[in-house]
Amino acid sequence: MRGLLGARTRDPEQAVAYAREALELARSSRSGYVARRLRALCDEFGPLSRDHRVAELGAEIAMLGTP
């Protein structure tokens, strides 16, 4: 997942941009797989979670339902 690359390189803009794309995919397709991958991505945020954009994204991901 490309968002993981942004998280690992500590680039909040890249992490948020790619994860938002995946978030929209998860919402539109109702894919449980994508939702689980996004939740796993949140575990990789580490210090990035202090960035307000990443924190907001994490909250949106947490609200995803798993079909």
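This is a predicted model: local features need pLDDT of at least 70, side-chain atom pairs count only at pLDDT 80 or more; totals for chains, interfaces and linings use all residues.
Residues are numbered from 1 along each chain as its sequence is written, and side-chain values use heavy atoms, with hydrogens and water left out. Helices here are DSSP runs (H or I, at least four residues), numbered from the N terminus, as are strands (E, at least two).

Back to α2 and α3: the two pack at an angle of about 150 degrees, with their axes 9 Å apart. The axes are lines fitted to C-alpha atoms, for helices over the stretch in contact, and angles between N-to-C directions run from 0 to 180 degrees. Their crossing is left-handed, meaning that the near helix is turned anticlockwise from the far one by less than a right angle (clockwise would be right-handed). On the α2 side, Ala19, Ala22, Leu23, Leu25 and Ala26 meet Val34, Ala35, Leu38 and Leu41 of α3, with contact taken as heavy atoms within 4.5 Å. Sorted by class, this contact has 9 nonpolar residues, no polar ones and no charged ones. For the classes, Ala, Val, Leu, Ile, Met, Phe, Trp, Tyr, Cys and Pro count as nonpolar, Asp, Glu, Lys and Arg as charged, and the others, Gly among them, as polar.

Next comes α4. Helices α2 and α4 pack at an angle of about 20 degrees, and their axes lie 10 Å apart. That makes α2 roughly parallel to α4. This crossing is left-handed. From α2, the contact draws on Pro12, Glu13, Ala15, Val16, Ala19, Arg20, Leu23 and Arg27, and from α4 on Arg53, Val54, Leu57, Glu60 and Ile61. The residues of the α2 and α4 contact divide into 8 nonpolar, no polar and 5 charged.

Some of those charged residues turn up again as ion pairs. A search of the whole structure turns up 5 salt bridges, each defined as a side-chain nitrogen of Lys or Arg within 4 Å of a carboxyl oxygen of Asp or Glu. In one of them, Arg53 pairs with Glu13 at 3.8 Å, N to O. This pair ties together distant parts of the chain, with Arg53 in α4 (residues 52–62) and Glu13 in α2 (residues 12–29), 40 residues apart. Arg53 is partly exposed at 29% relative accessibility, whereas Glu13, at 55%, is exposed; the cut-offs are under 20% relative accessible area for buried, over 50% for exposed and in between for partly exposed (1.4 Å probe, protein chains only). Arg53 also forms a salt bridge with Asp51, at 2.7 Å, N to O.

Another salt bridge joins Arg20 and Glu60 at 2.8 Å, N to O. Here too the partners come from distant parts of the chain, Arg20 from α2 and Glu60 from α4, 40 residues apart. Arg20 is partly exposed, with a relative accessible area of 30%, and Glu60 is partly exposed at 24%. Arg20 and Glu60 belong to a salt-bridge network that also takes in Glu24 and Arg27.

Key. Angles under 35 degrees count as roughly parallel, over 145 as roughly antiparallel, 65 to 115 as roughly perpendicular and the rest as oblique.
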